[in-house]
Structures are given as structure tokens and as C-alpha cells.
Amino acid sequence: MDYQALLNIAKTNQQFQKIKIEGGQTEGHLLFADTPNKGIKRCPPRKELGKSYARKYQEEDEMEDIRLRKLPEKPVSEIDAATSVGTMPNIGDVLGDQMTQVYENYSFNHAIDPQLLIHTYKEEILEEIEQNSVIIIKGPTGCGKTTQVPQYILDSFRNNNVHCNIVVTQPRRIAAMSIARRVCQERDWSVGSIVGYQVALEKEKSEDTRLLFCTSGVLLQMLIGKQDLTNFTHIIIDEIHERDNETDFLLIVVKKFLRIPGNRTKMPMLKLAEPRIENNGYELAALLIEVFHTIDIIEHESKFLGSVLIFLPGLHEIELMYDALEKRLAKSKNTEKWLLCPLHSSVTSDEQFKVFKPTAKDTRKIILATNIAESSITVPDVKYVIDFCLIKIQVQERETSYSSLQLSWASKSQAIQRAGRVGRVMPGRVYRLVSQALYKKFSDNCSPEILRCPLDALILKAKELDIGPPASILGRAMDPPDLSNIQTNILNLKELGALLLTSNGVYDEYDGDLTFIGKVMASLPIDPFLSKLIILGHMFSCLEDCIVMACSMAVKCVFSTPFKQQLEAYNSKMRWANYSASDPISYLSAYKLWRYKVTSGHFKKSGGVAEDAWASKYFIQIKSLKEVVRLESEIVNRLRRIGVVPQIGGNKVLWEEHESALILKIVLAGAFYPNYFLRNQIDEKEAVKVLGGRDPFTTVYLSNFPTNQPGPLYIDRIKQYFYHCGSNMNVSFDGSSKVYLTFDSNYRSALDRDSTGRRAPGTISLALCRAIKMRHLQIPITLALLP
């Protein structure tokens, strides 16, 4: 089908004819046991190929280590020293005293915290770092290893008037920024001076910076560009126990570069039944918190109410815990008040900031958090930790390459890390809501991401480094992935167009030469599928829109979901998507309108709506939109360097509005192939039967209505529950336990005033979509019945 045929369909509103085609070489299908196979091709399960391939590469490393140990070490005078990346000229062109002059501009006098256990081992740590290229420093949470060890090295080099350039990696951006600020606060330095940070889209550093905190991904990009470690005197990799993909790959790259003869970079590393919550688990936690009142009376005479931190695996569990606490507080005879603070990436920034605010003397702060509170943030006044010992981890299914978050038991190291959240300013208590027998079965450390997550981004980085086949690089990891996982991800990249079928002209199912598309994907700091969206946008003359959509999907969600306002947020998002039920389209619409209002000065006009008020009304996160702007600018610059720029002049296709909507759908479908779900054919006869002959496209039903109650008396109350769906509805009864709600398919409520009568998505009415969303959100519908 050519461009003209597509335009004709768009202009005449012709219907697409659905044609089922066979999938690509990596496609798989999820078929349930009780679902008949209706002619769908089912791929045979892929065999696990094991990890024996990795032994070959590990033996090569061992032989290389033996060879290097036999080489005579060069004198220090013959070895090039190092400078910081992008901040100073090559040290070979600068005299040594100029490199150390920066120390004279800052005060190094500061008082140490005697409570930090790490100070006892200061001299021993410095001696080990001096004598060894790689050391591992293991200490309990809160001992001071993250903030103090880099300062020990900086102070030591300053006292000896020797240049140093230290980089410290963190797995999360918020941790890199907060730790840099913490160190500067201790030293009374400004952030970006001798101590700075650099994360994906933000950086605070200068020519004076000698201690840089950054994410693992930032350091990886530096090393890929430099291809050696000579820019750094010390690389400190923190939180290696978390075993995320980028940290594991960073260890592979650093280990490879450490073997370069003459390298003198030092690398300290800082280390640390079916998963579900029973129904009474939430009640038990709420009861525990009520008992804390008695403990505080005994220990503090009620002058201080210690904050409580509850670790939960996800937002749904946070909501259930929130409801259980509200019910317990209503029954409690204690005089104290509870301030409930959900801490999750989807809640607004204002709600998250409540966690750090002090409370009144008669108020206890209760933080409901996911594992974001394990290491990324610290709340000083936490006295109690309640840990359900559950996490959600990303897992890629081997047969379908589909990735999802799955519930899992935490490891012992994670449980210890969580326990370290208490006792910062006072003795604390930790309650793990699992049996001792179950806790003993927990693994010591969490499963590395490299064993269970997609490897496509790592493989692209490996190809960009050009230091060997992907299997030879990933096989050198501390925990090498299964060879079949490498094979599957290479097939995925070949299907994306990132790799050729051949390597050096020979077909290789475990390797492939990097294509131009692959180079683009490797150069962009986003997922390969999002990179493909940008590439297709360039091909279809909608590059700018596709960059915005890709950036919006790469950052934290542009839309906010205030706690207990999920339905209102969903309604707002549907309108932003122009009722297309497409997240990328909704991001694009919100971004364009916000940019227009900002550039036109709309928010600064006298008497106009303030930016924050506008964002709150339409469930927009301004901070995320600004992050999109920064990422958009970064991607545009990187694309320009490799020759990908928007078409101009006669080569640019100018789409009409109705044409653009179709083109964007085509581009999105192409970018994310083959990640589609197949929907089984709907049995309309059965649906009509269940609904008593009513239209299934406009009708929903409620169950468990008492048959002995007069239904018409409750009609107004039932309508109140569904007001957000649409006020023009009909409530009917048939004498059974079902209550039927039928929405007017042609009615447009105030929520739909910007609609033109179209239904979305497909043939389902908007009101019905909202009602179904209420079911998904498990919003309870309760009625006060007559006796």
C-alpha cells in the first residue's frame, strides 16, 4: 500500500480490512490451556543453551591476568595521569601544580560525624586502595561508606598535593543528586564546585570538579567515548548488590579496560512460598501501628511519635494498606492522628514531599513506599519499619520476549537494606511480616537483572564498543546470561533493523554487524523501540512529533495520578488522547499545548491561570514536561551529529490534521512491532444474553443486589457513583441480583464537550469506557439498604 492509498483511506473514512499474517522470526503467542487453538501458529519453545559458553571467555581473562602479573610495572613517571571528562585539557599539556591549584580555592576543614562506623576503618581503607587496583568495601546501611570513602580519597590526595579525579556511580538519578548535595552540605561547598553530579539530563559540575557522582549509564557513555580509564584516578561503583543491567555491564567494561597495560585507575566497590500478602496482612500491620502508641508512651512519654515506614511491592498494595489504616484509625481509641504518605512514582511531587515534612506532636507520619525508599531517599525520623518482604522485578519471558513486572520475595540483602532505614537519629524497630522459616529460605542477594531482563540495549552498547562479539563480552559478567537469551535478543535487534543477519559477511545467529539504524539506536539514551519510533518518524516526515512521543515515554509519566483520584486522572487522559486510547498521542497533545502556553507567555499574563494551577486541573506534571524538553534537546543534538535532521523545503511532506492522525498511528504500529496482543473474537450473542438483550456496547451490569429490596428506590444513589462516566444513563432491574446501567450512545456529557460525537475506542461509548475503568480500579459501590 503506497502513500496515496493511505491518504485516500484517510480522506474517505474507508474501513481497513483486517488481514492476519504470520509473525516474524521472534514472534511468540500466549495461549491459555482452556482456549482452543483457532489456527494461530504456535512457535515451539526455545531451548535453554546454558552458560557453558562463558567458561571460554573467563579462562581467557584468567590467562590475561597471569600474563599481566608477569609484566614489569612501569614507573609512575612513565604513565600518563588523568583528568576529568570534558572539564579540563589533557594532563600532558598542563603542569602538575596547575592541576592541584584547585585545592587552594576550597576549605578542607570540617567536623566528622563520630557516629559513623566507617571512620574506624579510614586508614585501613586508604591503605587497601593504595595497594590494590580493585577492592570491595562491605558495610551495613548507614555506616557512611557512600559519602565518606570518596571524601577520604579526596582528602588524602589533597594532603599530598596530588591530582585526583574520582567518579562515584549510583543506580538511580535521585541518589546521585542527593548524595552530591549531602557531601557539599557536610563541607559547606556549593554543588558543582569541587563536588558535582551528572545524571541523564542534568549536571552540576565545573572545571574544579574532582569528585563526581553520576548514574551507571552516564559513566558507561563516558567510557564508550574514551575507550579507556585514563580520565579517572578512582572509580567507585556503589550499590553493586542491586545487580541492575547497567551496573553489571559497567563492571564488564571496567574489568576489560583495567587490563590495558599501564592503567592505574583504582576501583573500590561498595556492597551490601509464593509471593503475596494475605488478606489479614494489612490488618496486622495497622494493628501494629496502633500498638506503637503504647511503645512511644513508655520510651518518650508521648513527647515524640516515631514515623513508620511500610515497604509494599506496588501501588495497588499501597492503596489496600491505605484503606486498612483509615479503617483502623476510625476504630482506634488512641488520641494521636495519622498522616498517611504514599510514596510511589505515579503520585504527584507535592504528595511525595509530604514524606520529608515534620509533623505536629500529636501526629504520626506513616509512609507507604515501594523499594524506592530502600536506598534512594532517607527520612531521618523513621523509628519503625514494617516490611512485607515483597518486591516487583522486571522479567522477560523466554518464549515471547515479553517483559513484565512480577511479584517476588525480597532477598536477605534487601531486607537488611530496608532495616537500615531506622536508627538514623534514635533506636528503631523492624518488623518483617513473614515467618522465620520462610525468611531463612530467602536468597542472600537479589537475582541480577542481566539474567532476567532484556539484553538488547547492552548488546547495542557492546557492538558500539567494538571489542568482540556480544557473547564474548556478556560472558565475562559476574553472572553470565543464558546463551539462548543473547541469541533471542540478537534476533530481536535484527528484526528491528539494528543488526545485519551477517557478521563480517558470514551468517551468525549470535552476532551481526551494526547497521546505521543500530548506530542511531546505540547513540540515543532511550529504549531501542523508542529509537525506532524516531527513525520511522524521520521517514514519514513527522520527526518532531515522534521525538516528543519517544521522550515522553522515556521519562517519568507526564500525567499525574493523585492518590484516590485515579478515575478523574483517567478521564483527563482520555481527553488528551483525543479519545484514541493512545498514551503516546495523549503525551504529544499535552506537550504541544503546554509548550504553546509557555512560549506565548500565557502563564505570565496578568489575571491568567498560573502554570501550577493549570497543571493541577488537567493532571499534568510540569517537572516531567520539563524533563521531556531536556531529553528532546539532547536527542535532537545527537541526531544532528549523525546526520538525522527534519526534512525542509520541497522534500518535506506537510500532512493535514486528519492525515497526521493516521500517519502517527502507522508509525507507532511499525515502531513497536511485534509487541502486539491478539484479541479473541467477541461472542456477541453470549454478551447480549448476559445483559438481558441490552446493547453490550452501551451497557454494564452490577451484581449482588438483594432481590428483596425495592430497586427503584436506589436509582439516584447508583447514578451518583457513575456521575464521572456520564450523567445521561438509565438504571433498570429484572428481578435478579443484577442492576443494569445503559448509557446513551449519542449523549455528550460536560466531560466530552470537546468531542464531536465520535465513540472511542472503536465502537464502545466513552461512558462505558469509564465504567469499565471503575471496575479495573476496583472502586467499591456500596448502598445503605432498608432493614
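A residue counts as buried when its relative accessible area is under 20%. Ile237 has a relative accessible area of 0%, so Ile237 is buried. The model is predicted.

**Helix pair α7 and α8**

- Helix α7 spans residues 216–226, and helix α8 spans residues 245–258.
- Two packed helices are described by the angle between their axes and the distance between the axes.
- For α7 and α8 the angle is about 30°, and the axes are 9 Å apart.
- The crossing of α7 past α8 is left-handed.
- From α7, the contact draws on Ser216, Gly217, Leu219, Leu220 and Leu223.
- From α8, the partners are Glu246, Thr247, Phe249, Leu250, Val253, Val254 and Phe257.
- By class, the residues of this contact are eight nonpolar, three polar and one charged.

**Nonpolar cores**

- The largest nonpolar core holds 46 residues.
- Leu219, Leu223, Phe249, Leu474 and Ile486 have the most contacts inside this core.
- Helix α8 supplies the largest share of the core, eight residues.
- Another core, of 45 residues, lies apart from the largest one.
- Leu530, Leu533, Ile585 and Ala615 are among the residues of that other core.
- Leu219 sits in the α7 contact with α8 and is also listed for the largest core.
- Leaving out residues up to four places away in sequence, Leu219 touches Val167, Thr169, Cys214, Phe232, Ile235 and Leu250.

- Ile237 belongs to strand β6.
- Ile237 and Thr146 are 91 residues apart in sequence, and their C-alpha atoms are 9.6 Å apart.
- Strand β6 covers 234–237, and Ile240 lies in the loop between β6 and α8.
- Ile240 has a relative accessible area of 7%. The limit for buried is under 20%, so Ile240 is buried.
- Ile240 and Thr169 are 71 residues apart along the chain, with 9.7 Å between their C-alpha atoms.
- Thr169 is also one of the residues that Leu219 touches.

**Ile585 in helix α21**

- Helix α21 covers residues 583–599 and includes Ile585.
- Ile585 is buried, at a relative accessible area of 16%.
- Setting aside neighbours within four places in sequence, Ile585 is in contact with Met549, Trp576, Ala577, Ser580, Leu664 and Leu668.
- The C-alpha atoms of Ile585 and Val548 are separated by 9.9 Å, and the two residues are 37 residues apart along the chain.
- Ile585 is one of the residues of the core of 45 residues.

**A buried lysine**

- Lys463 lies in helix α14, residues 456–465.
- At 15% relative accessibility, Lys463 counts as buried.
- Lys463 touches Pro470, Leu499, Asp511, Gly512 and Leu514, not counting residues up to four places away in sequence.

**Aromatic rings**

- The model has 18 aromatic pairs.
- In the pair of Trp614 and Tyr618, the ring centres are 5.9 Å apart and the planes stand at 55°.
- Planes under 30 degrees apart count as stacked and those over 60 as edge-to-face, so the pair of Trp614 and Tyr618 is tilted.
- Trp614 is buried, at 6% relative accessibility.
- Tyr618 is partly exposed, with a relative accessible area of 25%.
- Elsewhere, ring pairs link a cluster of Tyr103, Tyr106, Phe108 and Trp189.

- Asn161 has a positive phi, near 55°, and is not a glycine.
- Asn161 lies in the loop between α5 (145–159) and β2 (166–170).
- Asn161 counts as partly exposed, at 45% relative accessibility.
- Asn504 also has a positive phi, of about 55°, without being a glycine.
- The loop of Asn504 runs between β15 (502–503) and β16 (506–507).
- Asn504 is at 70% relative accessibility. Exposed means over 50%, so Asn504 counts as exposed.

Terms used. Residues are numbered from 1 along each chain as its sequence is written. This is a predicted model: local features need pLDDT of at least 70, side-chain atom pairs count only at pLDDT 80 or more; totals for chains, interfaces and linings use all residues. Side-chain values use heavy atoms; hydrogens and water are left out. Axes are lines fitted to C-alpha atoms, for helices over the stretch in contact, and angles run from 0 to 180 degrees between N-to-C directions. Helices (H or I, at least four residues) and strands (E, at least two) are DSSP runs, numbered from the N terminus. A crossing is left-handed if the near helix is turned anticlockwise from the far one by less than a right angle, and right-handed if clockwise. Contact means heavy atoms within 4.5 Å. Ala, Val, Leu, Ile, Met, Phe, Trp, Tyr, Cys and Pro count as nonpolar, Asp, Glu, Lys and Arg as charged, and the others, Gly among them, as polar. A nonpolar core is a set of buried Ala, Val, Leu, Ile, Met, Phe, Trp, Tyr and Cys residues joined through side-chain atoms within 4.5 Å. Buried means under 20% relative accessible area, exposed over 50%, partly exposed in between (1.4 Å probe, protein chains only). Rings of Phe, Tyr and Trp (its six-membered ring) pair if their centres lie within 6.5 Å; planes under 30 degrees apart count as stacked, over 60 as edge-to-face and the rest as tilted.
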